[in-house]
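Let's take a friendly walk through a protein structure. Have a look at the picture, then read on.

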Amino acid sequence: MEEAQVKLLDFSQAFDVSLLDQVITTAYNPTHPSRNDANTILMALQANADMWTRSDAILEQSKEMMSRYFALSLLEDAVRTRWKILPSEQREGIKNYIVTKVIEMSSTPLDPQTKPFVGKLNLTLITVLKQEWPHNWPTFISDLVGSSKTSELLCENNMKILCLLSEEVFEFGKEDMTSQKCKVMKESLNEEFSSVYQLCEFILTHSKKESLLVVTLNTLQRFLTWIPLGFIFQTNLIHTLLDNFFPVPAFRSSALQCLTEIATLTDLEPQYDTLFQSLYMKFLARLGEFLPINGGWWVGERTDAELAFIRHLSLFFCGFFKAHLKTLETPSHSVSLLTGLEYLVRISEVPDNEIFKICLDYWHLLAADLYESENKGAPVPQPLQIGGAGFQRKMQYQKILSGVRMVMISRMAKPEEVLIVEDENGDVVRETTKDTELLAQYKTMKECLVYLTHLNYDDTETIMLQKLSMQVDGTQWSWNNLNTLCWGIGSISGAMNEEEEKRFLVTVIKDLLGLCEKKRGKDNKAIVASNIMYVVGQYPRFLKQHWKFLKTVVNKLFEFMHEVHPGVQDMACDTFLKIAQKCKRKFVTLQAGETNPFIVELVDTLPQIISDLEPHQVQAFYESVGTLLSDRGQAVTINRVQLLQRLMNLPNRSWKMILDNANQGVESLMQPETIKEVIKILKSNSRVCATVGPLYIHQLKEIFLDMLNIYKVYSERISEAVKQGGKIATRHALTRSMRTVKQEVLKLLSVFIEMSDAPDCGPVDIATGFLPPVLDPILGDYKRNVAEARDAEVLGLFTVVIKKLKNHVEAEVPRIMDAVFEVTLQMITTNFEDFPDHRVKFFGFLRAVNLHCFASLFQLPAEHQRYVVDSVVWAMKHTGRDISETGLDILFELLQNVSTTPAVAQGFYQQFLLALIRDVLAVLTDRLHKSGFKMHATLLRTMFHLVKQEQVTVPLFDPATQPPGQTNVGFLTEHVSSLLLTSFPNLTSTQVKPFVAGLFDINIDLPTFKTHLRNFLIELTEFNVEDNKQLFEEEQQAQAAQQMAQRSAVPGMVKPSEIQGEMDDDL
């Protein structure tokens, strides 16, 4: 294989195509022993900058299709990345060769194996076009149209090329072409479209070749999104599509896609409304001829082709109604409008989830629109006369909306709270993985059903209760029917007033509890139990208003905690936690008919309640009770300290027993069972601490010093094990268990400091009384241990310490930095992979110091200050997105802090600013850090503007090496220009000069600055489409934030579990 590589890379002799065929055949043979070597050769060939010159020989002589694909990829890559630096004769040669090859191969009938290759050839031609057309190849469109008239086979491929060109210019252009290039190509295509349209019209009128007609329709579909409206509405195009192609099965889907593009045109002048009305009416008439709305076609199995047609039909109706619903809300079109919507309801019932999601998107939009119209009193275009009476706008859709409610309830997706599912074998099991796509669908369905409930609560209630009664009497009993119904019931929480909710839920909960008693069989009971828990967990408002129901439900949850069916106990614990979070006031105050608050009884019976739970479930239960104890409202009169002590009685007894045994002999702490028990106790304490808040100080006092002693013991044993057995000792089971104990101690301390607050334990109390005993054992152990035995949680702990205590701990920062900074940096800078937890927490720690104890950074030795800056630069160059973005954030915050601290600013700028500009430019242009583009732009704009606005008063250069009168702006302009020209040989000074000048322009805002950078990046390396999507990420995030704000304004739209805080009014 080595000889083959040498021979293939030898440009002094003719290229051995047969040898390349052998290498590629080997590389694609998964069982060949030399496959890896062959792949290495192919990578070497791809890396060679001149290998594209062999493409024509390979394409002409190779007998292997994969070799020909390989040659095309070489050629395409050269066009994309090297075109601007190729001599003009080579560019012309490539262009002529590709055109000749396309014409040659597409002029004869293609077999199934060759078709994909011609498609790849077409894409290569498009890559050339993006470089050459229209400025260097102005006759391309006319040449293509002219050649299409010579042969139907050639014409068919030419239509595919036009289709690809349209997609590149109008759909993908902004991601891999400069904005100016995009604009020029769009203008050129528009100017020359008349000849293209005449070609399409000629084909549709005269050709009898089915494949050519289908390709032409598909190409026309791409054009319809951007062509001048005259080609659509002032020609016979719509008539041709509706009368000649839509009724014919072979062309139906393609014609329908064209009609869909027309139907979804928006932002047009009002005079087009009548044209769209006419299009809709004619379409409905044509559709009814072969697909009546009440025909038997909707029932039974469907072929793939039928499903594809239904999908396209759903896209047409949804697209038309989104764009032009208001134009049909008139008396003369109301019947046809409802007919079309009824079609869409029938389509929504088709058992295909992809089709359903298309319909769901529109039903969500319609329901939101009607809700907004009703609640804002939006005017209706004109009164609607349906059935001889005037109605509100939503009344026109009453029958349709009822059908939609039925579909939504019958097909409701599973919410994330439900842990019990039916697997592919029909067994009821605990869910092991989350289906994120299904969860997104549930969110949309929930929102849609909430809107529908607001529009007519009575109808929603009637449908749900009818379906529930059929579950109770068994006429429609099935796991799926009960699940979707209960998921629907849970999803509309908050969408009705309290009286309606009370009436509805009393019936629902009673029926479900009765069904649980009535059903036999473990699986049946598990399904019913799952639905009960889900429903009650979604209605905290109802439970808060009805203590007896709340108490009954909670006691039922305690029963479920003894049910060993997979998932039931987990879901019972999760549901109890949700109820505790939203109804905690009810448990800690005295309720009517009770002698004590419920929490008193709960703490007393806790051992019996948790007796059958697994350790992680017990910890969840402790978290729930801690949530109840966190209520500090004025109405709460219980002794919270005493109840906390009683709650922690079981773990404290176990803790005392372990310590008593340790006092007899420390070796007892080395027993595996003892270590497991210590871990469980610490985890339960952490869960309670995280929920009960500052009150936990009373429990921590009981175990604090003993916990630190246990930490020391395990630290010493681990160090001793490493000393005796080397680094491998850190992998032994006992050592790993002891490290887990240390990590849990650190997590508990972190949680406590995070939750600490006055008056129980304010920042001063923590900094003076709690922190000093912690520093010596934890910092000393971390610094002297081997890298493999250092716990990342130490970094996490001191990150929390600095964030929470801020200036109260500033004096200790140099000591903390001395213990953790250099040793951690040595661990994480060896490569980008080892110690991932340490690197994430290290930069989180560094960021906290920069934000909250900035002054302490300049109390460090000068060498350590450089370490800090170097580590930030190293972070932003990291290939992991979270690390690189944290590094960018730290650098931005560091620059902000420096700019507001005159005592250190100029020294910092002189020492670091020039290098930082180079480093940010490096990550901006390296293709690996696109996700950080927004911050790259922000940093560059900040640093260049600092220089331009003369906030940097010290020279960024050595005055001895520069001419007299040199300024920072002049020097930086020359330096950056030289850097770019040296790093990227394909650039010219005419490209670099305006780019660098734009960096200094203080009159442009950040969005304009980002566009300036985007255009340069695209021009710089001719990036692929997939490389540039993240350059537009900020705009996508802003849109998502706006959508969340709109959701929050609708009652019931946000789930109870997503609402921050408890729901009591008297807190």
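Predicted model: local features only at pLDDT ≥ 70, side-chain atom pairs only at ≥ 80, totals over all residues.

## Finding our way

Helices here are DSSP runs of H or I with at least four residues, strands are runs of E with at least two, and both are numbered from the N terminus.

## The whole chain

How many helices and strands does the protein chain have? There are 51 helices and 4 strands. Along its principal axes, the C-alpha trace spans about 100 × 95 × 65 Å.

Of the 1067 residues in the protein chain, 52% are buried. The accessible surface of the chain comes to about 47,000 Å², and carbon and sulfur atoms account for 51% of that surface. Contacts tell us about the fold too: among those with a separation of 6 or more, 74% are between residues 24 or more positions apart.

Let's return to Pro134. Is Pro134 buried or exposed? Pro134 counts as buried because its relative accessibility is 14%, and buried means under 20%. Leaving aside neighbours within four places in sequence, Pro134 is in contact with Val184, Met185 and Ser188. Lys804 is another story: 670 residues separate Pro134 and Lys804 along the chain, and their C-alpha atoms are 61 Å apart.

Our next stop is Thr507, in helix α26 (residues 498-518). Thr507 has a relative accessibility of 30%, so it counts as partly exposed.

## Charges and salt bridges

Now for the charged side chains. The protein chain carries 106 positive and 130 negative ones, and the centres of the two sets lie 3 Å apart. Side chains of opposite charge can pair when their charged atoms come close. In this structure there are 43 salt bridges.

Glu673 is exposed, because its relative accessible area is 58% and the cut-off for exposed is over 50%.

Another pair is Glu885 and Arg881, whose side chains meet in a salt bridge at 2.9 Å, N to O. Glu885 and Arg881 are 4 residues apart in helix α45 (residues 881-899), so about one helical turn separates them. How exposed are the two partners? Glu885 is partly exposed, with a relative accessible area of 23%, and Arg881 is also partly exposed, at 36% relative accessibility.

Which residue forms a salt bridge with Lys742? The partner is Asp791, and the closest N and O atoms are 3.4 Å apart. This pair links distant parts of the chain: Lys742 is in helix α38 (residues 733-755), while Asp791 is in the loop between α39 (763-784) and α40 (792-805), 49 residues apart. Lys742 and Asp791 are both buried.

Arg739, Lys742, Asp781 and Asp791 are linked in a network of salt bridges.

Terms used: Residues numbered from 1 in each chain as written. Heavy atoms only, no water. Buried < 20%, exposed > 50% of the residue type's maximum accessible area, 1.4 Å probe, protein only. Contact = heavy atoms within 4.5 Å. Areas by Shrake-Rupley, 256 points an atom, 1.4 Å probe, with all protein chains shown as cover. Lys, Arg positive; Asp, Glu negative; His and termini not counted. Charge placed at Lys NZ, Arg CZ, Asp CG, Glu CD. Salt bridge = Lys/Arg side-chain N within 4 Å of Asp/Glu carboxyl O.
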